[in-house]
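Please consult the sequence and the coordinates while reading.

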Amino acid sequence: MLVNGAPPLFNVILRIATLVARFSLIFVLAKFLVPQSVGLYGLFTAAIGYALLCVGLDFYIYTAREFAETEFKKRGSLLKNQVVLVLILYLLLTPIIFVFLPEAGIPQKFLWWFLVILIFEHLNQELHRLFIVLSKQLIASTLLFIRQGSWALAIAGLMVLNENYRNLNTVMLLWTSASGVAALIGVCKLHSFRFGGWRHRVDWVWIKDGLAVSGAFLIATLALRSIQTIDRFWLESLSGTEIVGAYVLFFGIASTLSVLLDAAVFSFKYPELLSLANSGDLIKIEFIVKKMFATSMIIIILFSIVSISIVSYSIDWLEQPVYERNICIYYWSLSGIIFLSLSMIPHYALYALKSDRSIILSHMSALIFFCTLVPKLSDKLGYISVPIAVSASMSILLLTKLVAYFRVIWIRRHPRSQGDCSGERHTL
């Protein structure tokens, strides 16, 4: 099977190169920056991730479905509508971001870095999602390497060779530069598709309908992102920035698993699930889901063995006692990422089958469980309660999505026993 004239293996190689670069980055930062700076970097990236949700509102979820069902000559109008919405959101939210960030512990000197990086990362993120929907995985992976892998390799080289570059300002500069280059290339590639409809008037009714759909999903995404943002700030309040630095290191290593699975499995099967759901082919959907689980488990086992070995041998090289003392954080972080990654398989199936409410409820359940568990554990276990709670909440996420997936499949197979549920769309 070929993707854009190139074997899927080449796409995976690009993603692996990105992973290696990001993997190297987190070790280099841990080696050459003090743990407090690594912790600040972690808080900064967490804030970027949360801000991306606020300025994007998960509107791509609505656009992706509409894009697949819209003829080529009208697709530009959909993108135009989304661009208009995003511009309005930036005008409204930028002042709020500048007020909130200092209160959240982000130094004033990083505010402008934050805004520029946010804009570039947002544009790149939307382009990446669009290319995946269009089955342009190779383009998506190439741009991903430019914006995430290239500058990670550059900063690693600079910090190793010259101590003058061992600071967060250098990190921000190279991050911004790589994101800007990727965004420029992505926009040029998008322009080459020559989508029609750009001159159509802004469809405010379409935007309103999209906000209704994406707004429901935004609740789910915010719930999940809240776990992955609150954890660092909660950890900081329980133990200080130094421990956050250790958590950022170990969680960053573990999270490369989810990126690897996205490259090797999800990015190829996600468009296929959408197509099969539109045709109502449940047998093939179930087959693909089972195949995704089998492939994912092989990758998870191999990754776990390799990463645990690397982490164990790399602690001494870092020469930072805080990492050696807290290596148990890695095991909890890895288990959490494994649960999260596996949960994405029923997630994509539920999304394709338009069972939005199931996804929302599962994410909310995980967030509530996390926020309930940390206070109960922290009195006895201290700051280690945070990564434990993250792992436990991700297991809840996997369980609830699996239950929802089997329920939706059963209902689709037996519509009469549940009333006319064959076309259910749980969109709030």
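Predicted model: local features only at pLDDT ≥ 70, side-chain atom pairs only at ≥ 80, totals over all residues.

Q: In which loop does Arg 194 lie, and is Arg 194 buried or exposed?
A: Arg 194 is placed in the loop between α7 (168-192) and α8. Its relative accessibility is 58%, and residues over 50% count as exposed. Arg 194, in the loop between α7 and α8, is therefore exposed.

Q: What is the phi of Arg 194?
A: Most residues other than glycine have a negative phi. Arg 194 is not a glycine, yet its phi is positive. The value for Arg 194 is about 55°.

Q: Is the aromatic pair of Phe 193 and Phe 195 stacked, tilted or edge-to-face?
A: A pair of aromatic rings is described by the distance of the centres and the angle of the planes. For Phe 193 and Phe 195 the centres are 5.7 Å apart and the planes are at 55°. Stacked pairs have planes under 30 degrees apart and edge-to-face pairs over 60, so the pair of Phe 193 and Phe 195 is tilted.

Q: What are the relative accessible areas of Phe 193 and Phe 195?
A: Residues under 20% count as buried. Phe 193 is buried, and Phe 195 is buried. The values are 16% for Phe 193 and 7% for Phe 195.

Q: Which residues are linked by ring pairs into a cluster?
A: The whole structure contains 17 aromatic pairs. Ring pairs join six-membered and other aromatic side chains into a cluster made up of Tyr 41, Phe 44, Phe 110, Phe 114, Trp 151 and Trp 175.

Q: Which residues of α7 does α2 meet?
A: Helices α2 and α7 pack at about 30°, with axes 11 Å apart, and their crossing is right-handed. On the α2 side the contact is formed by Ser 37, Leu 40, Tyr 41, Phe 44, Thr 45 and Ile 48. By class it has eight nonpolar, two polar and no charged residues. The α7 residues are Leu 168, Val 171, Met 172 and Trp 175.

Q: Is Asp 58 buried or exposed?
A: Asp 58 is located in the loop between α2 (35-56) and α3 (60-69). Although not a glycine, Asp 58 has a positive phi of about 55°. Its relative accessibility is 4%, so Asp 58 counts as buried.

Q: Are α8 and α14 roughly parallel or roughly antiparallel?
A: Helix α8 (residues 204-239) and helix α14 (residues 385-413) have axes 9 Å apart and pack at about 165°. Angles over 145 degrees count as roughly antiparallel. Helix α8 is therefore, relative to α14, roughly antiparallel.

Q: How do the residues of the contact of α8 with α14 divide by class?
A: From α8 the contact includes Leu 224, Asp 231 and Trp 234, and from α14 it includes Val 390, Ser 393 and Met 394. The residues divide into nine nonpolar, three polar and one charged.

Q: Which residues of α13 does α12 meet?
A: The axes of helix α12 (residues 328-352) and helix α13 (residues 356-381) come within 9 Å and cross at roughly 145°. The α12 residues in contact are His 347, Leu 350 and Tyr 351. Those of α13 are Ser 358, Ile 359 and His 363.

Q: How far apart in space are Leu 101 and Ala 47?
A: Leu 101, in helix α4 (residues 75-103), is buried, with a relative accessible area of 3%. Leu 101 touches residues including Ala 47 and Phe 114. Leu 101 and Ala 47 are 54 residues apart in sequence, and their C-alpha to C-alpha separation is 8.0 Å.

Definitions and conventions: Residues numbered from 1 in each chain as written. Heavy atoms only, no water. Axes fitted to C-alpha atoms, helices over the stretch in contact; angles between N-to-C directions. Helix = DSSP H or I, 4+ residues; strand = E, 2+ residues; numbered from the N terminus. Parallel < 35°, antiparallel > 145°, perpendicular 65-115°, else oblique. Contact = heavy atoms within 4.5 Å. Nonpolar A, V, L, I, M, F, W, Y, C, P; charged D, E, K, R; others polar. Phe/Tyr/Trp six-rings, centres within 6.5 Å; stacked < 30°, edge-to-face > 60°. Buried < 20%, exposed > 50% of the residue type's maximum accessible area, 1.4 Å probe, protein only. Left-handed = near helix turned anticlockwise from the far one by under 90°. Lists of a residue's contacts leave out its neighbours within four places in sequence.
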